[in-house]
Amino acid sequence: MKIKDIVTKILKKKDDEPWLSYYNREERKIKFTDLSIYEYLKKCVGQDKDFTALNYFNTKISYNELFDKIEQASKSLRSLGVKKGDVVSICAPNTPEALIMFYATNNIGAVADMIHPLSSGRQIVDYMIQTKSRMLLLVDFDYEKVAPLLHETLVYKTILVSPAESMNCALKAGYFITKGIKVKKPKIGDQDFISWQDFILKGLTYNKVNKIKYSKDDLAVILHSGGTTGTPKGIMISNYNFNALAQQSGVNVSGIRPKEKIVTLLPIFHGFGLGVCTHAPLCLKVEVILVPEYNSNRFYKMMKKDKPHVLAGVPTLWESMMGNKNFESVDMSQLKYVISGGDYLTINMENRMNEFLRKRGASISITKGYGMTESVAATAYTFDGANKPGSIGIPMIGNEFCICEIDKTTPLDYGEEGEICVCGPTIMQGYLNNERETNNIIKIHDDGKRWLHTGDIGYIAPDGIIYFTQRAKRMIVSSGFNVYPSNIEEVIEDHKDVSKCCVIGIPHPYKVQVAKAFVVLNEGVKPSSKIKKEIKDMCKLRLAQYSQPKEIEFRKTLPTTLYKKVDYRKLEKEESEKNEKTK
């Protein structure tokens, strides 16, 4: 194609972006803030702060109290020597303390490194080595698996916090009896560890004034993902990236009013949970109901008692709700938005969920978000008028989408299928210390803009609505979490008796997919329950809970392609056929 034709095609697509017709004039004029994450939150909330920000097992923390706690934690961090640009790792579930630490870290210009608490001890420490973390907020039940490895990191102080810290006295006692009593503690006098309460007290006598100069382009958050290749990477998110998502989300849920409620089930170490389900609602002055761990019956009681106006989750949650008979009696007429993300929502489940909502008094349809951790979370979203079954909606305001051939940068026409590419204010700064992988996924197109190549296949209809058709990358999505077969294979192939391994995703009634490992043993070694147990134990030690293979099958050989590579697609086909026969 000639340069003139390329330019003409680009200009035509820019002038003819049909998704813009779904936004009004004011929405199109959106200007993304230059403030830091914490500064933007304070600006959004303003002076009226005497109402609930966080609701944690019915312990309610007002915006006034939340800001006071953040300022106190900020002083404590400074008193312990944390300065601008330092990395503070936060490895905890959805608790007030984790959020207080997140905003306090941002307040002093440090970087929040968000880590999944169900990761293995080895993974947690590897993340902190990668980010050069200096301080760690660690949920106490992770102490036993992380403490022996901390000497490998640069962390000089670990703050231990219990999930029961902000619970009322009765719940705190119940938690201690059922779970807390089993948690290992540091030895008395171990100066490397400090409790949350002692951490907060550190700031009481700190009176130094530290003026921080913030930039919208300062690195603010590090999230962890396997990217498009499955190799763990640190994703660098700036103040600008993170706040832009909150502003975009505000446009998409414009019907929400201050003091209304959202249930935040999705974890804050994930872009969806931290950005869409926590920061964006707080900026809208919404009450965030924090849920650290999903429990079907507890969730049912919460829905019935608290009557939230927004519910965000992954397809696993919808399946659980629809399968829980208790929900027959739940009135959902107050719901304004039900948002699905983290994995593709099938048309069948979409229709079933809409019927489920209607039968319980809701007048809305489920909406869908599409995105990647590399874009903080969502980049496209469905709403009234742009919520066709099977679609992923239209680009969020300020974003652009195009479809390219795999490994190409020239946009295809509307209706043509290819790789989904995204451009916009939430696109990450890059992968931490990995310029090569950054350049593989973020490419400069002929328009001079940075485009994120998602590795997903889809097309844009002439009306601007986008459709996802398949994943180009080999990845399993289990309960909304990305599971990378190559990581599991690497662990299993470390076993002394294993010759080769191939991992695929198989259907699961609630998790959508789980991992299954096909294992070939070394010559002369016979399959046994002992070896299978040893493999499972290795996986428990080195892999996150959601990544561990549900099934292990021994085989004499694995199918191969003409190029002598393991043919995982053939294994997927075999499992699919087996599954069909058992239905």
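Predicted model: local features only at pLDDT ≥ 70, side-chain atom pairs only at ≥ 80, totals over all residues.
Q: A charge sits over a ring if NZ of Lys or CZ of Arg is within 6 Å of the ring centre and within 35 degrees of the ring normal. Which residue lies over the face of tyrosine 240?

A: Lysine 216 does, at 4.5 Å from the ring centre. Residues are numbered from 1 along each chain as its sequence is written, and side-chain values use heavy atoms, without hydrogens or water.

Q: How is a pair of aromatic rings described?

A: By the distance of the centres and the angle of the planes. Rings of Phe, Tyr and Trp (its six-membered ring) pair if their centres lie within 6.5 Å; planes under 30 degrees apart count as stacked, over 60 as edge-to-face and the rest as tilted. The structure holds 18 aromatic pairs. One of them joins tyrosine 63 and phenylalanine 67, tilted at 55° with 6.4 Å from centre to centre.

Q: Where do tyrosine 63 and phenylalanine 67 lie?

A: Both are in helix α4 (residues 63-79), four residues apart, about one turn of the helix. Helices (H or I, at least four residues) and strands (E, at least two) are DSSP runs, numbered from the N terminus.

Q: Is tyrosine 63 buried or exposed?

A: Buried means under 20% relative accessible area, exposed over 50%, partly exposed in between (1.4 Å probe, protein chains only). Tyrosine 63 is at 0%, so it counts as buried. Phenylalanine 67, at 6%, is buried. Serine 254, in the loop between α10 and β10 (261-264), is partly exposed at 45%.

Q: What is the strand order in the open sheet of three strands?

A: Two strands pair if DSSP finds at least two bridges between them. The order is β25-β26-β27, with mixed pairing. The edge strands, β25 (498-508) and β27 (551-554), each pair on one side only. Strand β26 (residues 512-521) pairs with β27 in the parallel sense over four bridges, and phenylalanine 518 stands opposite glutamate 553 in β27.

Q: Which strands does helix α18 lie across?

A: Contact means heavy atoms within 4.5 Å. Axes are lines fitted to C-alpha atoms, for helices over the stretch in contact, and angles run from 0 to 180 degrees between N-to-C directions. Helix α18 (residues 568-582) lies across β25, β26 and β27, at about 45° to β25. Helix α16 (residues 485-492) lies across β25 and β26, at about 140° to β25.
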